[in-house]
Amino acid sequence: MPFRSQLFSSFFLGGFECSTHRRADGQRLDLIAGTRHDRMAAQDYRQAAEHGINTIRDGVRWHLVEAQPGQYDWSSLLPLLRAAEAAGSQVIWDLCHYGWPDHIDIWSPGFVEGFAAFAAAFARLHRDETGRPPLICPVNEIAFFAWAGGDMAIMNPGAKGQADALKRQLVRAALAGTASVRAAVPGSRAFAIDPVIHIAPRPYADPEIARTYTASQYDGWDMLTGRREPELGGSPEAVDAIGVNFYWNNQWLFPDAARPPDAGPDWRPSRDALSVYDPRWRPLRDMLAEVHARYQCPLFVAETSIEGAARPTWLRYVSEEVRAAIQAGVPVEGICLYPILSHLGWDDDRYCPNGLFELEARGGQRIVDAPLAAELARQQALFQAMPAAPRAISAQALRG
């Protein structure tokens, strides 16, 4: 039997950037609108399918759906949902990709309650439109979200020194949202997505601090699965599969570069990313094996990309590492090109050429990055040629 994903319609997935947070300057982002994916969804899904990508990550923009408390306007979602159905695409829907409605205080119990109600309403809509239970990521990147919004104040809620408190609140929301979705539409599946990282100490740095920092990547998953702070309500059954996000700069040196004396108010720490050729670099296959050993559930690479001409080389590296992990018995169920569509940067509107498709369209279709497309086709053939290895898929992952 040839190798195939047991969770997804295609082993290679594509993700459309769907961030909706407010930046430190108060401006709200909407990357679905910014990339015109809201207007070109039908073409985007069809074009992804032409490249053998039948499973997609996309987003529900909560701040648009519930602009008024308790009132759900699905007009921003229905064109995407129906376009996906028309293209035969399987979609994993992010329900909170860093943003929430302005009328909700994220620190209040109302955030958790409001999110659970919104999530259940979405699940019912999905069932009514498609006849199927949804696949969801309730809250995207809890650990990163808590760091960026709770410690560094580079996005909402703009706090410092509150990462742990924000992490707990996001976990509460994710658990409540998952429970409400499953109650509303049995058979729904929930994925927990966060980055995997590795921090290497500089020669003069305390290695224990670097190890502690690296270990913090597991906080969100540990809370969701009940390994840590079980009073939050987490359990292994709360997660059907874990998505690991892995970019070229997910491994770096500690501490960050020193702040220059003349640094302005917008200065941010500069990280020295490790090279894959650095002896301190940790192979992705080892990181995947560690995540699986810790949680004993299926995995997938939920985000990976690099900018510019290195795109095919990076995909080759990730694919080779995933194949090695699978051959070692790690149940990796897919690799998501994220983003599949290049976009403008969060902070400065700089063009980020990191997708299979470029932002520009000609003749109703996005321009394709030909070298990445060729490497994708090559990797698809290599995975298809693999024998189907026995993989332990947890019962809850196959529920429904």
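## A tour from arginine 36

Select arginine 36: its relative accessibility is 28%, so it counts as partly exposed. Here buried means under 20% relative accessible area, exposed means over 50%, and partly exposed is in between, with a 1.4 Å probe and protein chains only. The model is predicted, so local features need pLDDT of at least 70 and side-chain atom pairs count only at pLDDT 80 or more, while totals for chains, interfaces and linings use all residues. Residues are numbered from 1 along each chain as its sequence is written, and side-chain values use heavy atoms, with hydrogens and water left out.

Arginine 36 sits in the loop between H1 and H2. These labels are DSSP runs numbered from the N terminus: helices (H or I) have at least four residues and strands (E) at least two. Most residues other than glycine have a negative phi, and most peptide bonds are trans.

**Helix H2**

Next, select residues 37-50, which form helix H2. The distance between the end C-alpha atoms of H2 is 17 Å, whereas a straight helix of 14 residues would span 20 Å at 1.5 Å a residue. (The expected span is 1.5 Å times one less than the number of residues.) Where does H2 bend? The bend is at glutamine 43 and is about 40°; a bend is the angle between axes fitted to the seven residues ending at a position and the seven starting there.

Now colour the buried residues of H2: His37, Met40, Ala41, Asp44, Tyr45, Gln47 and Ala48. Their cover includes helices H1 (31-34) and H4 (78-87). It also includes strands E2 (55-59), E3 (90-96), E13 (357-362) and E14 (365-368). Contact means heavy atoms within 4.5 Å. Just past the end of H2, glycine 52 has a positive phi of about 75°.

**Two helix pairs**

Show H4 together with helix H5 (residues 109-130). Axes are lines fitted to C-alpha atoms, for helices over the stretch in contact, and angles run from 0 to 180 degrees between N-to-C directions. H4 and H5 are therefore oblique to each other. Angles under 35 degrees count as roughly parallel, over 145 as roughly antiparallel, 65 to 115 as roughly perpendicular, and the rest as oblique.

On the H4 side, select Leu78, Leu81, Arg82 and Glu85; they meet Leu125, His126, Glu129 and Thr130 in H5.

The second pair to show is helix H10 (residues 284-295) and helix H11 (residues 311-327). Here the axes lie 8 Å apart, at an angle of about 45°, so this pair is oblique. The crossing of H10 and H11 is right-handed. Leu284, Arg285 and Leu288 of H10 meet residues of H11, among them Tyr317, Val318 and Glu321.

**Two buried side chains**

Stay in H11 and select leucine 315. Is leucine 315 buried or exposed? Its relative accessible area is 3%, so leucine 315 is buried. Leucine 315 touches Phe12, Leu337, Leu372, Glu375 and Leu376, leaving out residues up to four places away in sequence. Leucine 376 is 61 residues from leucine 315 in sequence, but their C-alpha atoms are 7.5 Å apart.

Move to helix H12 (residues 370-385) and select phenylalanine 383. This residue is buried, with a relative accessible area of 2%. Among the residues that phenylalanine 383 touches are Phe3, Phe11, Phe12 and Ile326. Isoleucine 326 is 57 residues away in sequence and 10 Å away in space, C-alpha to C-alpha.

Select residues 142-150, helix H6: seven of its nine residues are buried, so the helix is largely enclosed by the rest of the structure. Ile142, Phe145 and Gly150 are among the buried ones. The buried residues of H6 pack against E3, strand E4 (135-139), helix H7 (163-184), strand E5 (189-195) and helix H9 (219-225).

In the loop between H6 and H7, find proline 157. The peptide bond from asparagine 156 to proline 157 is cis, with omega near 5°. A cis bond also joins tyrosine 338 and proline 339, where omega is about 0°. Proline 339 lies in the loop between strand E10 (332-337) and strand E11 (343-344).

Note on methods:
The expected span of a helix is 1.5 Å times one less than its number of residues. A crossing is left-handed if the near helix is turned anticlockwise from the far one by less than a right angle, and right-handed if clockwise.
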